[in-house]
Amino acid sequence: MANANLHITPIDAPAGVEITGVQVAHDLGEADFAAIEAAFDAYGVLVVRDQDLTPAQQLDFAERFGATAMTLEMPYKDNKANPEPEQGWSPERCKMLARD
């Protein structure tokens with residue numbers, strides 16, 4: 001059964017919807033998740049404000065959409081601490097969201 005408080009509203013932007021009325025860290029029922037997933041498929045961007053998530057809870061929510069992947073942290077030219085971008089990548093610069 002869907003949550004009556006769940007609202008999915010298109011935002012005034014080229015893409016995206018705002019999700020309100022749910023806390024994604026708590027048990028998100030299958031019907032609610034199906035509605036959120038359909039909105040993601042249709043609009044490409046989800047805005048879910050005011051969530052108090054641990055890294056593990058954020059990863060759990062993300063994994064409901066499918067497998068997650070490691071990302072690379074690459075320096076930027078405007079980084080004042082490192083004005084010259086480094087070339088390539090190294091395992092030390094890879095970051096993966098780890099479970100607590």
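Which residues of helix H2 (residues 55-63) are buried?

## Helix H2

The model described here is predicted. In helix H2, the buried residues are Ala56, Leu59 and Phe61. These buried residues pack against helix H1.

## Overall architecture

The protein chain contains two helices and five strands. Along the sequence, these elements follow the pattern β-β-α-β-α-β-β. Of the 100 residues in the protein chain, 18% are buried.

The protein chain exposes about 7,500 Å², and carbon and sulfur atoms supply 54% of this area. Among contacts with a separation of 6 or more, 57% are between residues 24 or more positions apart.

Strands of a sheet pair through backbone hydrogen bonds, and the pairing may be parallel or antiparallel. In this model, three strands form an open sheet in the order E1-E2-E3, with mixed pairing. Strand E1 (7-10) and strand E3 (46-48) lie at the edges, and each pairs on one side only. On average, neighbouring strands of this sheet are turned by 25° against each other, direction ignored.

Strands E1 and E2 run antiparallel and are joined by four bridges. Within this pair, isoleucine 8 stands opposite isoleucine 19 in E2. The hairpin of E1 and E2 has six residues between the strands, and glycine 16 in this hairpin takes a positive phi near 120°.

## Helix H1 and the crossover

Helix H1 (residues 30-43) packs on the sheet and touches E1, E2 and E3. The direction of H1 makes about 10° with that of E1. The chain crosses from E2 through H1 to E3, forming a right-handed β-α-β crossover.

Which residues of E2 belong to the covered face, and which to the uncovered one? Val17 and Ile19 form the covered face, whereas Glu18 and Thr20 form the uncovered face.

In soluble globular proteins, nonpolar side chains tend to be buried together. The largest nonpolar core of this model has 10 residues: Leu6, Val17, Ile19, Val22, Val24, Leu28, Phe33, Ile36, Ala39 and Phe61. E2 and H1 each supply at least two residues of this core. The largest share, three residues, comes from H1.

With its neighbours within four places in sequence left aside, leucine 28 is in contact with Val22, Phe33, Ile36, Phe61 and Arg64.

Conventions:
Residues numbered from 1 in each chain as written. Predicted model: local features only at pLDDT ≥ 70, side-chain atom pairs only at ≥ 80, totals over all residues. Heavy atoms only, no water. Pairing = 2+ DSSP bridges. Axes fitted to C-alpha atoms, helices over the stretch in contact; angles between N-to-C directions. Contact = heavy atoms within 4.5 Å. Buried < 20%, exposed > 50% of the residue type's maximum accessible area, 1.4 Å probe, protein only. Core = buried A, V, L, I, M, F, W, Y, C linked by side-chain atoms within 4.5 Å. Right-handed = clockwise from strand over helix to strand, strands pointing away. Areas by Shrake-Rupley, 256 points an atom, 1.4 Å probe, with all protein chains shown as cover.
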